[in-house]
Every structure is written in C-alpha cells, then in structure tokens.
Amino acid sequence: MPKPWRAQQPTCRHGHPFPANLFYNNRGWALCRTCSRTYQRAYNRTRHQLTYIPDEVAIDRAVQGDPPTRLTPRERAAAVHRLDAQGLSARQIAEQVGCAQRTVHRIRNRAA
C-alpha cells in the first residue's frame, strides 16, 4: 500500500515536521499529532452534541509562560482565568499566554 499524500510531505501545513508528528487515526488517515490535538472531542449525552475537550497540558504550559504555538480559544480562556485568579495584571497575563491585552480584557468581561 503506498504512503498517503500527507505522509509524503516533509511538514504539515503549520510547519510541524513529519514523520515525528505523523500518526494514523482509527480510519487510517495520516494526520499531524500536534495539529490534531485541537480536534479531540467528546459526546455530551445530556445535550446530544459534540463538545471539544481543551488540552490540559497546553493550558499548563501557557500558565507557566511557555505557550504552544497554537491555543484554542477555550485553552486560552482557561489559562487567562487561572492567571487572573493568581492576581496578575492584564499586561502580565497577555505576555505569559502570548495574546493581546484586549483579548485578556474580553475574556475577563465574558466571564463576569
């Protein structure tokens, strides 16, 4: 069986190198391990819909000041809320998470 087209490329579309980040899902599709973490899903039985699960490791890294290259909006909001609970200013949170101060203000106002 020949390699899928994606497996023949040196990197994914976001620049993560193959084959270090290459994996095959249960359908046999070749995917990037780093990019596909944003697509982890769980079925919510009470609402009968799919909900996306934030990556706790990515949130912890953002709180520690070493955010991954891409954070989902839920991961960014969780990191902002954790840092806000520690009493940091919007500027400090924005520098640690890797976003704009306006984003921090927007996330804070949405929670209130």
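# A guided tour of the helices and their salt bridges

The structure holds 4 salt bridges. A salt bridge here is a side-chain nitrogen of Lys or Arg within 4 Å of a carboxyl oxygen of Asp or Glu. Side chains of opposite charge can pair when their charged atoms come close.

Before you start, note that this is a predicted model, in which local features need pLDDT of at least 70, side-chain atom pairs count only at pLDDT 80 or more, and totals for chains, interfaces and linings use all residues. Residues are numbered from 1 along each chain as its sequence is written, and side-chain values use heavy atoms, with hydrogens and water left out.

**Stop 1**

Select E56 and R82. Their side chains form a salt bridge, 2.8 Å from N to O. E56 belongs to helix α2 (residues 56-64) and R82 to helix α3 (residues 73-85), so the pair ties together parts 26 residues apart in sequence. Helices are DSSP runs of H or I with at least four residues, strands are runs of E with at least two, and both are numbered from the N terminus.

R82 counts as partly exposed at 32%, and D60 does at 34%. Buried means under 20% relative accessible area, exposed means over 50%, and partly exposed lies in between (1.4 Å probe, protein chains only).

**Stop 2: R108 and D84**

Move to R108. R108 forms a salt bridge with D84, the closest N and O atoms being 3.2 Å apart. R108 sits in helix α5 and D84 in helix α3, so the pair ties together parts 24 residues apart in sequence. R108 is partly exposed, with a relative accessible area of 23%. D84 counts as partly exposed too, at 31% relative accessibility. Look back at the previous stop: salt bridges that share partners join E56, D60 and R82 into one network.

**Stop 3: α4 against α5**

Show helix α4 (residues 90-97) and helix α5 (residues 101-111). They pack at an angle of about 110°, with their axes 8 Å apart. Axes are lines fitted to C-alpha atoms, for helices over the stretch in contact, and angles run from 0 to 180 degrees between N-to-C directions. The two helices are therefore roughly perpendicular to each other; that label covers 65 to 115 degrees, while under 35 is roughly parallel, over 145 roughly antiparallel and the rest oblique.

Which residues make the contact? Select A90, R91, I93 and A94 of α4, then Q101, V104, H105 and R108 of α5. Contact means heavy atoms within 4.5 Å.

**Stop 4: two sides of α5**

Stay on α5. Select T103, V104 and I107, the buried residues of this helix. They cover an arc of only 100° around the axis, which puts them on the same side of α5. The arc is that of the directions from the helix axis to the C-beta atoms. What covers these buried residues includes α3 and α4. Turn to the other side of α5, where R102 and N109 are exposed.

**Stop 5: Q9**

Finish at Q9, in the segment before β1 (22-24). Q9 counts as partly exposed at 26% relative accessibility.
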